[in-house]
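Subject: Structure handover

Hello,

Here is the structure for you to look over. My notes on helix packing and nonpolar cores follow below it.

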Amino acid sequence: MGYSGARGGLDAILAAESLVHGARNHDPAPWLTTEQITGRMRLAVDRVMGEGGLYDEDTAADALRQAEGDVIEATHLVRAHQSTLPRLAVSEPIDPDEMLVLRRIVPAHRTPDGPQLLGRTSDYTGRMLDRDAQPAPVVVESDPPAVTERADGQRHPRRFSDMLREMDLLVDNRPAATDAPDPEPFDITRHPARPPAPRSAILASMARAETGSLISTWYRSIRGPEGNLHEVTLGEVRHGRLPLRVAHPHTGNPVLLGHIRASECEAIEDLDGPEEDRSRFDVGYGLCFGHNERKAIAMANLDIAWRRFGDVDGLEQVLLLTTDGLDSCGFLEHLKLPHYVTFRSMIDRKRAVRDIDGDPSDRAADAIGRTC
C-alpha cells in the first residue's frame, strides 16, 4: 500500500512538472521581456525585490516571469537565488538624509521645510479602467534632468521630525554621545530572529515581510480586539535614490557602488500612556526597497506599536514569526502535499475511541482507512 501510494504520487509530480515546462516552452503567447517587466510592472518588481531581500531589478523581473506573476513564488525564487550568491562585502551604513528625493509628502504639515513633491503616483487619479489604451514602446524610467542636476534643498529637504525636535515636541530616542556605539544590526538572512529581539531585527523582518500581511497586522493593531487604539499621523513619506557604498578593501575609504531606490516613512505618535511623556510625540520609522509606500507606512506605525504595546499582545512575536510571506505561505502550501500516514493515524484513533465506547464500526471509516 505504501509503495503504490509513493509510486502514484511520484508519477503525478513528474506529470505536473512536465506540464509546467511544456507551458513555458510551447505556450503560443510570447514571453514578456525583462525590460518590459521592469518598465511596465515596476511596482511588482519592487515588491519582489523587497520581500526577496535582493536589490536587482532584472533578477526580480525574471523571477516574476517564471512565476507567471505570482509575487510570493517570485519572492521564493529570488531568496533561493540569493542563497547561492557569495557575500563579497558589507555596505557602509546608509544615511537616509542623503536620499535624492523623487517623491515627498508631509501629511502632518501644510508648509514644511522644503517642497511637497507628489511625484509619480496614482493617489490622486480616478480608479477608472482604461480598456482603450494602446501599448506604447517600452521606455525605462529614468530621472528627469532636473532631478539629477538639482541636488540641493529641493531634493534633499530637511526632515519634518527635525522641526518637531527643535520645538522640543519630540521624544529623542537617539543614543547620546557618551553612550556605547550602536551594535551591529541583526542579520536575519543568516540567523533566525526570536523574541526578545533588538529593534534592528524587528525592522529588518518588517522590511522583508509580505506587504499585505504587514498591512493587515498594522490595521489589526489599531482596529482589532486588543484595544490598542492610538492616534496615527504620517509625518513624512519619501521615495528616492540612496547612495550605496562599501569600504575599500585596501584603503578602508568608502567607495560608491551605485544607487538604490527606497521608500521611507516617519509616523508621529501622540503619547498618552500613564508612564509616557504626554508633552511630546514619538516617531516610528520604516524603510524598504523600491517604491512601496504602503509597506513603509505600515512599518513606521508598527515600529511605534511594537515599542508601546508589543509586550502586551505579543506583537513582537507576530512581526518576527508570522508576517514573512515565505514562512506563512510555505506552511499553507504544505497542506496540499500528501498526508496519508497522518490522516490514517487520525482515523485509527477515532475507531479506537468507538471501540472503547462500544459503538459499531463505521463502514465509511473502514473504507477510508483501506484506501489511505
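Start with α4 and α5, which cross in a right-handed sense. Keep in mind that this is a predicted model. Helix α4 covers residues 57-66 and helix α5 covers residues 71-82. They pack at an angle of about 130 degrees, and their axes are 8 Å apart. An angle of about 130 degrees makes α4 oblique to α5.

Which residues of α4 and α5 make the contact? From α4, they are T59, A60, A63, L64 and Q66. From α5, they are V71, A74, L77, V78 and H81. By class, this contact of α4 with α5 has 7 nonpolar residues and 3 polar ones. Charged residues are absent from it.

Now the cores. The largest nonpolar core has 29 residues. Within it, M206, L214, M299, L302 and L319 touch the most other members. At least two residues of this core come from each of α8 (199-207), α9 (211-223), β2 (232-247), β3 (254-270), α10 (293-313) and α11 (315-321). The top contributor is α10, with 8 residues.

L319 deserves a look of its own. Setting aside neighbours within four places in sequence, L319 is in contact with I202, S205, M206, L214, T217, L302 and W306.

Another core lies apart from the largest one. It has 13 residues, including M49, L64, A67 and A74.

Best wishes

Key: Residues numbered from 1 in each chain as written. Predicted model: local features only at pLDDT ≥ 70, side-chain atom pairs only at ≥ 80, totals over all residues. Heavy atoms only, no water. Axes fitted to C-alpha atoms, helices over the stretch in contact; angles between N-to-C directions. Helix = DSSP H or I, 4+ residues; strand = E, 2+ residues; numbered from the N terminus. Parallel < 35°, antiparallel > 145°, perpendicular 65-115°, else oblique. Left-handed = near helix turned anticlockwise from the far one by under 90°. Contact = heavy atoms within 4.5 Å. Nonpolar A, V, L, I, M, F, W, Y, C, P; charged D, E, K, R; others polar. Core = buried A, V, L, I, M, F, W, Y, C linked by side-chain atoms within 4.5 Å. Buried < 20%, exposed > 50% of the residue type's maximum accessible area, 1.4 Å probe, protein only.
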